[in-house]
Amino acid sequence: RSSDLADGEFVVPARVVSELGNGSTEAGARKLYAMMDRIQASRKHTVGKGKVAKNNRADRYLPA
């Protein structure tokens, strides 16, 4: 665990990112950023003034 990371942050090894992109780290990174965008979009509907955060089942957005 690197001391440069905040608690709860993680690093995805380039080899794994490349595998997600079928050999391309750029394509793999695009998939991971798209996943993060979907999770954030899902979460914004469950939080905010006057709303109570609920489980948005974010794990369904993880690459399989």
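## Buried and exposed

A residue counts as buried when its relative accessible area is under 20%, and as exposed when that value is over 50%. The model described here is predicted. In it, 17% of the protein's 64 residues count as buried.

## Overall make-up

The protein has two helices and zero strands. Helix α1 covers residues 14–20. Helix α2 covers residues 25–43.

The accessible surface of the protein is about 5,400 Å². Carbon and sulfur atoms hold 53% of that surface. Take the contacts in the protein with a separation of 6 or more: residues 24 or more positions apart account for 14% of them.

Helix α2 has 19 residues. From its first C-alpha to its last, α2 reaches 27 Å. That is close to the 27 Å expected at 1.5 Å a residue.

The N-terminal end of α2 is capped by S24. A side-chain oxygen of S24 lies 3.4 Å from the backbone nitrogen of E26.

## Two sides of α2

Which residues of α2 are buried? They are A27, G28, L32, M35 and S42. These residues cover an arc of only 140° around the axis, so they sit on the same side of α2. Helix α1 is included in what covers them.

## The salt bridge

How many salt bridges does a search of the whole structure find? It finds one. The side chains of E26 and R30 form it, at 3.1 Å from N to O. Side chains of opposite charge can pair when their charged atoms come close.

Both partners belong to α2, where they are four residues apart. That spacing means about one helical turn separates E26 from R30. E26 has 55% relative accessibility, so it counts as exposed. The cut-off for exposed is over 50%.

## R15 in helix α1

R15 lies in helix α1. Is R15 buried or exposed? Its relative accessible area is 61%, so R15 is exposed.

Definitions and conventions
Residues numbered from 1 in each chain as written. Predicted model: local features only at pLDDT ≥ 70, side-chain atom pairs only at ≥ 80, totals over all residues. Heavy atoms only, no water. Salt bridge = Lys/Arg side-chain N within 4 Å of Asp/Glu carboxyl O. Buried < 20%, exposed > 50% of the residue type's maximum accessible area, 1.4 Å probe, protein only. Contact = heavy atoms within 4.5 Å. Areas by Shrake-Rupley, 256 points an atom, 1.4 Å probe, with all protein chains shown as cover. Expected span 1.5 Å × (residues − 1). Arc of directions from axis to C-beta. Polar contact = N/O pair within 3.5 Å; in protein donor to acceptor, adjacent residues only side chain to side chain.
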